[in-house]
Amino acid sequence: MARKKIALVGAGQIGGTLALLAGLKELGDIVLFDIPDFEGVAKGKALDIAEAAPVEGFDSALTGASDYADIAGADVVIVTAGVPRKPGMSRDDLVGINAKVIKSVGAGIKEHAPNAFVIVITNPLDAMVGLMQQVTGFDPAKVVGMAGVLDSARFRHFLADEFKVSVEDVTAFVLGGHGDTMVPSVRYSTVAGIPLPDLVKMGWTTQEKLDQIVQRTRDGGAEIVGLLKTGSAFYAPAASAIAMAESFLKDKKRVLPCAAKLTGQYGVDGLYIGVPVIIGAGGVEKIIEIELNAEEKANFEKSVAAVQQLVEVTAKVAG
Ligand code: APR
C-alpha cells in the first residue's frame with residue numbers, strides 16, 4: 001500500500017510539532033510548506049525530523065517546500081498558516097491578517113490538492129475554517145476546524161488533575177465556538193462514564209471547583225499565551241489535529257468535537273461551529289445532534305452569535 005501524503009501548510013510552531021507527531025505515528029510522507037521567506041525553516045525542520053526517524057524508528061519521507069506544486073496529491077492538508085496571538089490579544093484580533101492568508105492558502109490547496117481532507121487550525125478558528133471552505137468550494141465534509149479536541153483535552157487535563165485519575169478515563173464535552181463563548185458541558189463530561197454532576201454528589205469535587213475548571217478551560221489558550229509571551233500553544237493543538245487526521249486516514253470513525261458546517265442541526269444553517277462529529281474515510285461523516293438543556297442552549301446560542309459576528313468581519317476583510 002502506497003504511503004499517505006500529509007501536507008502541513010505553515011511550518012511554524014504548530015507545523016513543526018505536527019510533522020514530528022505525524023512521523024512518530026507513521027501516518028505517511030510529510031511536506032512542510034511555508035512562504036518563500038521561510039522555505040529554509042520548512043526544509044530545516046523537515047530535515048531535523050527526518051534525522052530523528054532512525055532513532056525513533058519511523059519511515060516517513062519529510063520535505064520542506066514553498067511551492068504549492070509540492071503538496072500535490074496530499075490526502076490530508078493541515079493549515080496553520082497565519083499569525084498567532086500575543087499577550088493581550090484575543091483570537092478575534094487576528095482576523096485582519098489571517099483572513100488574507102487563508103484566502104491565498106485556500107487557492108493553493110484548491111489547485112493542487114483538490115481531494116484532500118483539510119483541517120484548519122488558524123485562528124479565529126470558526127471564521128477561518130468557514131472561509132477555507134468557501135474559497136476552496138470543497139464539500140463541507142472535507143473541510144473541518146480543529147478546536148473542540150483541544151478545548152476538551154484542556155478540560156480533561158484539569159479534571160484528571162482535580163480527581164487524581166488517569167486522563168484516559170476522563171471524557172469531556174465541549175460545544176460552540178473556539179473562543180470565550182465556548183460551552184464546556186459538565187453534564188456530558190465523565191470519569192469512566194460517571195457524569196460530573198454525579199461526582200459532585202459523591203463528594204469527589206464541589207460545584208464551585210467545577211465552575212472554576214470550566215472557566216479555566218475557556219481561558220486555556222490565554223493562559224498559555226500569558227506564560228509563553230512570544231506566541232500561543234502548539235503541542236496540544238498539534239496533538240489534537242493529528243487525532244483528527246488519524247481518524248480520517250485510518251477510517252477510525254472517532255467521535256470528536258470539531259468545527260463543522262451545520263445545515264440545520266442545532267437550529268444553525270451554513271455556519272461552522274464546534275459540535276460532535278464522526279470522522280472517517282469520508283471526512284466528517286456525521287454531525288451528532290444532542291439534546292441541550294435550557295442553559296446549554298442559551299450558551300450555545302450566545303456562542304453562535306459571536307461566531308456569526310466574526311464571520312461578517314471576515315467577509316469584509318476577505319472581500
Ligand atoms: N502561506 C503559508 N504559510 C504562511 C503564510 C502563507 N500565506 N503566512 C504565514 N505563514 C506561516 C508563517 O511564515 C509561520 O511559519 O505560518 C506559520 C505560522 O507559524 P507560527 O507563527 O509559529 O504560529 P503557530 O503557533 O504555529 O500558530 C499558527 O494556529 O493556533 C493558531 O492562533 C494560531 O493562527 C495561529 C496558527
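UniProt positions are given in the numbering used here, and annotations may be inferred rather than shown by experiment. The model under study is predicted.

**Exercise 1. Determine which residues UniProt lists for "domain: Lactate/malate dehydrogenase C-terminal", and describe that span.**

Step 1. The UniProt record, an unreviewed entry, lists residues 150-309 under this name.

Step 2. The span is 45% helix and 28% strand. Its end C-alpha atoms lie 23 Å apart.

**Exercise 2. Decide for R85 and for R91 whether the residue is buried, partly exposed or exposed.**

Step 1. Both residues belong to a "binding site" annotation in UniProt (unreviewed entry), which covers R85, R91, N123 and R154.

Step 2. R85 is placed in the loop between β4 (76-79) and α3 (95-112). The loop between β4 and α3 is also the place of R91.

Step 3. The cut-offs are needed next: a residue is buried if 20 or more other C-beta atoms lie within 10 Å of its own, exposed if 12 or fewer, and partly exposed in between.

Step 4. R85 has 18 C-beta neighbours inside 10 Å and therefore counts as partly exposed. R91 has 26 other C-beta atoms within 10 Å, so R91 is buried.

Step 5. The contacts complete the picture, not counting residues up to four places away in sequence. R85 touches R91, D93, L94, V225 and S232. R91, in turn, touches R85, N123, P124, H178 and G179.

**Exercise 3. Locate N98 and I121, and state whether each is buried or exposed.**

Step 1. A further UniProt "binding site" annotation (unreviewed entry) lists several residues, among them N98, I121, T122 and N123.

Step 2. N98 lies in helix α3, whereas I121 is found in the loop between β5 (117-120) and α4.

Step 3. The cut-off of 20 or more C-beta atoms applies again. N98 is buried because 26 other C-beta atoms lie within 10 Å. I121 is buried because 29 other C-beta atoms lie within 10 Å.

Step 4. Neighbours within four places in sequence are left aside here. N98 is then in contact with G82, V83, T122, N123 and M128. I121 is in contact with I14, I78, V79, T80, M146, P237 and A241.

**Exercise 4. Describe how helix α4 packs against helix α10.**

Step 1. Helix α4 comprises residues 125-136 and helix α10 residues 294-318; they pack at an angle of about 50°, with their axes 9 Å apart.

Step 2. Angles under 35 degrees count as roughly parallel, and 65 to 115 as roughly perpendicular. α4 and α10 are therefore oblique to each other.

Step 3. The crossing of α4 past α10 is right-handed. D126, A127, G130 and L131 of α4 make the contact with V307, L310, V311, T314 and A318 of α10.

Step 4. Sorted by class, this contact of α4 with α10 has six nonpolar, two polar and one charged residues.

**Exercise 5. Describe in the same way how helix α5 packs against helix α9.**

Step 1. Helix α5 (residues 148-163) and helix α9 (residues 235-249) have axes 8 Å apart and pack at an angle of about 120°.

Step 2. Consequently, α5 and α9 are oblique to each other. α5 passes α9 in a right-handed crossing.

Step 3. On the α5 side, V149, L150 and A153 take part; they meet A236, P237, S240, A243 and M244 in α9. The contact of α5 with α9 has seven nonpolar, one polar and no charged residues.

Conventions. Residues are numbered from 1 along each chain as its sequence is written. This is a predicted model: local features need pLDDT of at least 70, side-chain atom pairs count only at pLDDT 80 or more; totals for chains, interfaces and linings use all residues. Axes are lines fitted to C-alpha atoms, for helices over the stretch in contact, and angles run from 0 to 180 degrees between N-to-C directions. Helices (H or I, at least four residues) and strands (E, at least two) are DSSP runs, numbered from the N terminus. Angles under 35 degrees count as roughly parallel, over 145 as roughly antiparallel, 65 to 115 as roughly perpendicular and the rest as oblique. A crossing is left-handed if the near helix is turned anticlockwise from the far one by less than a right angle, and right-handed if clockwise. Two residues are in contact if their C-beta atoms, placed from the backbone, lie within 7 Å. Ala, Val, Leu, Ile, Met, Phe, Trp, Tyr, Cys and Pro count as nonpolar, Asp, Glu, Lys and Arg as charged, and the others, Gly among them, as polar.
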